[in-house]
Amino acid sequence: MGRIHWCGTGLSSGPGLRRLIDVGHAVTVWTIDEPAAYALLAGREAQISGFSQQALEATVQPGEVIVSMLPPDLHGDLAQIALRRGAHFACSSYLSQPLRDLDGPAREAGVAILAEVGLDPGIDHLMAHDLVAGYRVSGKVAAGNTLSFHSYCGGIPAHPNAFRYKFSWSPLGVLRALRTPARSIRHFTELKVRHPWEAVSRFDAPLPHPETFEVYPNRDSLPFIEEYRFDPSWRIEDFVRGTIRLLGWSDAWAPVFAALERDGPEAEERLADLADTLWRENPYLKDEPDRVVLVVSLEAKHEGRAVWHQSWVLDAQGDARGSAMARLVSGTVSLAVESILTHDIPVGVHSAPHDPKLVKGWLKALESQVQYLARIDHLA
C-alpha cells in the first residue's frame, strides 16, 4: 500500500488521521505546528515532517496519496504536486475550477484527484446518490411525476445558547458564506437570493424525536441536478442544498445580517472586526459537545399525491472521541483515501462516488461515528 501524506493538523483532522494509522497505513503528517501534530496523534506512531510544498514534492512517490486538510486555496497547488509526482490527491472541499481543469492531465497520468469527500460536501452526496438510485428502481418512475429534493446540513451547538450558534474556529468563513448569493429551485421556479438569510424557512427534521429547525439555501444548488444523475426529463418542483440552523437563529443573527449588508472600502476590515467579536462571545468551550444534523430527502408526486418519499437522516454529537464535525469530515476523507489505494476510484477528477458498492460501504462505516443514521421510507 502507498504512503499517505496528510497535510494539515487543524481541528477537523484528528479522527480520520488516527483511523488510518490504527488500521495500519503508513502515514506522514505534514504540519507547521509540531505540538499540534503530536496532540492529534494521541500517542500513535507516525512520521512528522515540517510542511512546505517544496519538501512535500521532493518526498512524495508515485502511487502515494496526498491529503489536503489545508485551506481550499492551497488544494490546487497540492494537486499539481500529486500530478507531477504520479501520486493521487484527496480533499474534503468543493471541486474548484483549478481542480476540475486537471481532469485531462490526471487521466493521462493515471492518477485520481478526489474532492467533496467530507461531510457537506461528501456524506450528503452519498445519500443523494443512494436515494436517486432507489427511486430509479422503485417502479414508481412515471412521466407525470414531479420531484422535490432537499438536502440540509448544519453544525450546531449540542447545548443551545442565546446566539443559536457557536464557533470552533474563526467565524470569517461563515460570514463570507453568508455574503454569497444562493440559487435553488422552489415551486418549479429558479430562486435566486442575494443573501442566503433572505430565504430562511422552517424545516421539520424526521429525527427519532421530531425537531424543527431553520434552513436556508446556500451556494448554487442547480449543478447538482446533473451531479446526482436526475433524468433530464424529470419535472423538478423543488431542488435545494442548504444549511440547518437552530430555531431562532435568524432573529438572533439579525444584527449580523445588517452588518454584512454594508459595503464600501472598509467592508473587509469591518468583517474581520465582526468575526473577532463573534469569536470572543460565542466559542465552544473546552470539551463542549457540538452536534451535526444532516437530512437528505427525495419525494416523487403523481397528480399531487406522494408515490415515493424517502430520506437519509443523520444526527451526531461530540463525545470522548472528539467533535462530531471532525469525525464526519476527516473520517469520510479517510474512507476516500482507502478507496483510492484499492483503485476503487477511477483516474481523473471526481467528487464523492456514486458507485453503489462504495456508497453502501461508506455509509455503513459511518454508523459507528454517529448517534443516529437511518434511511426512512415515509410511505411505509
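Begin by selecting H5 and showing everything around it. Leaving aside residues up to four places away in sequence, H5 touches T28, W30, L56, T59, V60, E64, V65, I66 and V67. Is H5 buried or exposed? H5 has a relative accessible area of 1%, and because anything under 20% is called buried, H5 is buried. The side chain of H5 makes a polar contact with the side chain of E64 at 2.7 Å, and another with the side chain of W30 at 3.1 Å. Keep in mind as you look that this is a predicted model. Its pLDDT averages 94 over the protein, and 99% of the residues score at least 70.

Which strand pairs with strand 1 over four bridges? Strand 4, at residues 65-68, pairs with strand 1 in the parallel sense over that number of bridges. To see one of the partners, pick C7 and then S68 in strand 4, which is its bridge partner.

Seven strands make an open sheet with parallel pairing, in the order 3-2-1-4-5-6-15. At its edges are strand 3 (47-50) and strand 15 (348-350), each of which pairs on one side only. Ignoring direction, neighbouring strands in this sheet are turned by 20 degrees against each other on average.

Then select residues 324-341 to bring up helix 13, which lies across strand 1, strand 4, strand 5 and strand 6. Helix 13 runs at about 165 degrees to strand 4.

Now colour residues 45-113. An unreviewed UniProt entry places the feature "domain: Saccharopine dehydrogenase NADP binding" here. This stretch is 42% helix and 20% strand, with its end C-alpha atoms 27 Å apart.

Follow the chain onward to P121, in the loop between strand 6 (112-114) and helix 7. The peptide bond joining D120 and P121 is cis, with omega about 10 degrees. Helix 7, at residues 123-136, has the highest mean pLDDT among the elements of the protein, at 98, while helix 12 (residues 267-281) has the lowest, at 87.

Select R229, between helix 9 (223-227) and strand 12 (235-246). R229 is not a glycine, yet its phi is positive, at about 65 degrees. With 39% relative accessibility, R229 counts as partly exposed. Then go to E303, in the loop between strand 13 (290-302) and strand 14 (305-317). E303 also has a positive phi, near 55 degrees, without being a glycine. E303 counts as exposed, at 76% relative accessibility.

Finish at K360 in helix 14, residues 356-366. Is K360 buried or exposed? Its relative accessibility is 67%, and because exposed means over 50%, K360 counts as exposed.

How values were computed. Residues are numbered from 1 along each chain as its sequence is written. This is a predicted model: local features need pLDDT of at least 70, side-chain atom pairs count only at pLDDT 80 or more; totals for chains, interfaces and linings use all residues. Side-chain values use heavy atoms; hydrogens and water are left out. UniProt positions are given in the numbering used here, feature names are shortened, and annotations may be inferred rather than shown by experiment. Helices (H or I, at least four residues) and strands (E, at least two) are DSSP runs, numbered from the N terminus. Buried means under 20% relative accessible area, exposed over 50%, partly exposed in between (1.4 Å probe, protein chains only). A polar contact is a pair of N or O atoms within 3.5 Å; within protein, one must be able to donate a hydrogen and the other to accept it, and residues adjacent in sequence count only if both atoms are side-chain atoms. Contact means heavy atoms within 4.5 Å. pLDDT is the predictor's confidence in each residue, from 0 to 100. Two strands pair if DSSP finds at least two bridges between them. Axes are lines fitted to C-alpha atoms, for helices over the stretch in contact, and angles run from 0 to 180 degrees between N-to-C directions.
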